[in-house]
Amino acid sequence: RLAEEAEQFLQRPRARRDVAWAEKAKVEKQIQEATARLEKEAVLRAATELRTQEAQQKAQDLGEVLAEELACIREQQRLLRALRAAVREQKGLPCRHSSDIRSEPPVEAATPAAAAPSP
């Protein structure tokens with residue numbers, strides 16, 4: 001009977017120990033899974049940051065190219081205005097003043113189809 005009571009007395013702490021070990025194993029597994037997720041997220045974040053930097057660089061480069069193109073277009077518009085003024089002068093037509101030239105419609109409005117006479 002004494003051995004039986006001693007066994008029951010030791011059984012409760014063993015049961016608590018077994019539950020604690022099971023809980024510890026469960027928590028360690030959760031930690032491993034969380035660590036794996038964090039590592040994957042870190043890799044994804046790094047890849048995303050790299051793509052973002054590449055996109056920003058590309059946008060900056062495109063902005064520079066567009067600025068150069070815009071400068072060329074403005075120079076072409078200036079030259080076109082000067083050529084138009086020279087043609088008017090040769091034809092003896094009244095010259096427009098610089099204020100009139102600024103109010104002239106943009107070059108986009110003067111397409112070849114609009115400039116060509118209708119048959």
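Helices (H or I, at least four residues) and strands (E, at least two) are DSSP runs, numbered from the N terminus. The model is predicted: local features need pLDDT of at least 70, side-chain atom pairs count only at pLDDT 80 or more, and totals for chains, interfaces and linings use all residues. Residues are numbered from 1 along each chain as its sequence is written, and side-chain values use heavy atoms, without hydrogens or water.

View 1. The protein has 3 helices and 0 strands. Its order along the sequence is α-α-α. Of its 119 residues, 3% are buried (buried is under 20% relative accessible area, exposed over 50%, partly exposed in between; 1.4 Å probe, protein chains only).

**View 2. Helix α1 and its end.** Helix α1 spans residues 2-91. It holds 90 residues. From first C-alpha to last it reaches 131 Å, close to the 134 Å expected at 1.5 Å a residue (the expected span is 1.5 Å times one less than the number of residues). Gly92 follows α1 and has a positive phi, near 80 degrees.

**View 3. Lys24 pairs with Glu28.** The whole structure contains 3 salt bridges (a side-chain nitrogen of Lys or Arg within 4 Å of a carboxyl oxygen of Asp or Glu). One of them joins Lys24 to Glu28, with the closest N and O atoms 3.0 Å apart. Both residues lie in helix α1, 4 residues apart, about one turn of the helix. Lys24 is partly exposed at 40% relative accessibility. Glu28 is partly exposed too, at 39%.

**View 4. Arg78 pairs with Glu75.** The closest N and O atoms of this salt bridge are 2.4 Å apart. Arg78 and Glu75 are about one helical turn apart because they sit 3 residues apart in helix α1. Arg78 is partly exposed at 42%, and Glu75 is partly exposed at 41%.

**View 5. Arg17 pairs with Asp18.** In this salt bridge the closest N and O atoms are 3.4 Å apart. Arg17 is partly exposed at 45% relative accessibility. Asp18 is partly exposed at 44%.

**View 6. A negative patch on the surface.** Asp61, Glu64, Glu68 and Glu69 gather here. Patch residues have over 30% relative accessible area and no salt bridge, and like charges are joined within 9 Å. Asp and Glu count as negative, and the charge is placed at CG of Asp or CD of Glu. Asp61 lies in helix α1 and is partly exposed at 34% relative accessibility.

Technical notes. Patch = residues over 30% accessible without salt bridge, like charges linked within 9 Å, V, L, I, M, F, W, Y side chains within 5 Å. Areas by Shrake-Rupley, 256 points an atom, 1.4 Å probe, with all protein chains shown as cover.
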